[in-house]
Amino acid sequence: MKTTLQNIIRKATAVVMITASSFVQAQTKQSAAVLNIDSRIAQVTPVELGNIVRLELQQLNHFNVIDKYDAEYIINREKLVIDKCYGRLCLIEMGKSLGVDKMIGGSYEMIEKKIIVSLSLVDVKTGSTEKTFTKEYLGLNKELRLITRQSLKQLLGIPIDEKELITTTSENAFPNKVNVQEEYLKLSGPRFGVMLFTGASAYKFQSARSAGGYDAPYPGVWQFGYQFEKQYLNTGDIQVLFEFIPMVNGLDQGLFQPTFTVLHGIRSNKNGLEFAFGPTMRISKLNPSNRMLDSKGVAVWNSDFVLAVGRSFRSGKMNIPVNVFFIPNRNGHRFGLSFGFNISKINPKNN
């Protein structure tokens, strides 16, 4: 019984101490207010920007931020005019009327599809601008809260995740759900490559035509085609892709062998690494009895399964995908290398 009572007293004491500590911290925090933020962004008002900055400042828990409705009450009671109150002198006057230690003001401006954020932290008591911050972001209108959070952290000296920052500032960052707006990215483009045969397929391919071969100087063919790619899932770090790749094989050998490949791919937004798999179908001449390559055989549809890994390299808006692939087959496995290029394009309807 005594032990139980001691545990209850110990827990109650801990709760009181935590509550007292939180109260002391709340009392030692400086107070701050946010009014309207000057907006030069279409369809975004100064009031909306002010609300965004106030909300994100409250969530950072760096200041005791005056409530929106309390601020409105004082403004109406004192008959204050806050329209176009963006400069230091006006912010100081408003800060004195609101009874806060700090005021945060600034502007958001769209210039050449870039958002320029300028914020200032004004000390009401000294009448000085304590800190200023200006940064250029990508024109991501739908990510103003994220941009604001990043800007406030940098203004106040709060540590910020560089990986998160690069998604709103770097055009060369791999596309993700933030910097492609509506999760739509067009990465279609031409593909070139070479495929090598092994085993019985390689032997047959290099055999004389009289023996049903192709009299090829080497056991492989060059490939030329086009990749149609569509991103249908995006978690920020990972994209899930659908790829359709029609190609023509063997033009270097005087052959015309069309292939159609359908792949599902998973790509990292951080480094461009990709893994893909799916079926491939091709028209080729086979011996009906053993399903081997045979230049004298019957042209039929033939199917296999493809496994591929690769990486997309970026130069500005250009993507340069490089992939290696493996096609298992009972008559001889096939290996290949392909590469291409394409330009990242955000869906115009989202601009």
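A: Let's begin with the crossing itself: helix 2 passes helix 5 in a right-handed crossing. The contact draws on L49, I52, V53, L55, E56, L57, Q59 and L60 from helix 2, and on L144, R145, T148, R149, L152, K153 and L156 from helix 5. Sorted by class, that contact between helix 2 and helix 5 holds nine nonpolar, two polar and four charged residues. Please keep in mind that this is a predicted model.

Now for the geometry. Two packed helices are described by the angle between their axes and by the distance between those axes. Here, helix 2 covers residues 46-60 and helix 5 covers residues 144-156; their axes come within 9 Å and cross at roughly 55°. Angles from 65 to 115 degrees would count as roughly perpendicular and those under 35 degrees as roughly parallel, so helix 2 and helix 5 are oblique to each other.

Leaving aside residues up to four places away in sequence, K114 touches E109, E136, Y137, L138, G139 and E171.

Strand 12 (residues 273-286) and strand 13 (residues 298-315) run antiparallel, joined by 14 bridges. Within this pairing, R282 stands opposite N302 of strand 13. Strand 13 also pairs with strand 14 (residues 318-327), again in the antiparallel sense, over nine bridges. There, G310 stands opposite N323 of strand 14. Strand 13 and strand 14 form a hairpin with two residues between them, and G316 in the turn has a positive phi of about 65°.

Finally, let's step back to the chain as a whole. It has seven helices and 17 strands. Among contacts in the chain with a separation of 6 or more, 54% come from residues 24 or more positions apart.

Methods:
Residues numbered from 1 in each chain as written. Predicted model: local features only at pLDDT ≥ 70, side-chain atom pairs only at ≥ 80, totals over all residues. Heavy atoms only, no water. Axes fitted to C-alpha atoms, helices over the stretch in contact; angles between N-to-C directions. Helix = DSSP H or I, 4+ residues; strand = E, 2+ residues; numbered from the N terminus. Parallel < 35°, antiparallel > 145°, perpendicular 65-115°, else oblique. Left-handed = near helix turned anticlockwise from the far one by under 90°. Contact = heavy atoms within 4.5 Å. Nonpolar A, V, L, I, M, F, W, Y, C, P; charged D, E, K, R; others polar. Pairing = 2+ DSSP bridges.
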